[in-house]
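Welcome to my notebook. I opened a structure and wrote down what I looked up.

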Amino acid sequence: LQIFDVEGKALSALGFNGDAPTYFNEPKGICLQSGAGNLIVADSNNYRVQMLSICDDGMDSKYLGTIYSSTEPETRLIPNGVASTCQGHIVVTYHDCSLVKLFDENGRFLRNIKLATCKDASSSPVALNVCINDTNSRILVADSNTRRISMWSCDGHQQIGSFSVDGSPCSLAIDHYDQLLLGMHYNQIAVYTPAKSSYQWLKPS
């Protein structure tokens, strides 16, 4: 992991290749926990999510715990996306699995969010990613298999809506204009502007 200042200057690098605490094997998702400011890392090929505390100078980190770990080969899940709600809850998505897990601010499991699956068995594997809408802390999940964005309440209990997009989204973010930014598999970024309804976004022109 590399840490940069606000001007893009490299400050430090954290971690080494391995499976010990603060070591990583292809980390694919990263976010800061709301409130606490802890670093949440989807340590994909170690099949776990780590929580770290970063020192003020960005030069060192302290291991706080493993939020999720999958050790049995037959049930092993590969985490690839992480996000934090305004309450500090942690949302984790997994590769090739239409499942989202929600954890509390201390990393304790709360519930699963089960997404609709694609009926086409020949379609590409699921690649989910997640972000949080700062306006109302809704959970947004991009599903590259079904080519849809689904929206959930911040507690994960209720699906608020969903809509299809052109192409397969593999990453997503919301900017300060409330626009939805999607990284697409065909090497483009699509920008969706908010519609009158807060439950959907208008397609880019």
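In what order do the four strands of the open sheet come? I found the order β15-β16-β17-β18, with antiparallel pairing. Strands here are DSSP runs (E, at least two residues), numbered from the N terminus, and two strands pair if DSSP finds at least two bridges between them. I noted β15 (169-174) and β18 (201-202) as the edge strands, each pairing on one side only.

Next I looked at β16 (residues 180-184) and β17 (residues 189-194), which run antiparallel and are joined by four bridges. Leu180 has Tyr192 in β17 as its bridge partner.

A note on the ground rules: this is a predicted model, where local features need pLDDT of at least 70 and side-chain atom pairs count only at pLDDT 80 or more, while totals for chains, interfaces and linings use all residues. Residues are numbered from 1 along each chain as its sequence is written, and side-chain values use heavy atoms, leaving out hydrogens and water.

Then I checked pLDDT (the predictor's confidence in each residue, from 0 to 100). The protein chain has a mean of 83, and 88% of its residues reach 70 or more. Over residues 120-125 the pLDDT is below 50. Where pLDDT is low, the predicted coordinates should not be read in detail.

Last, I looked for salt bridges (a side-chain nitrogen of Lys or Arg within 4 Å of a carboxyl oxygen of Asp or Glu) and got two. Asp43 bridges to Arg48, with the closest N and O atoms 2.8 Å apart.

Definitions and conventions. Contact = heavy atoms within 4.5 Å.
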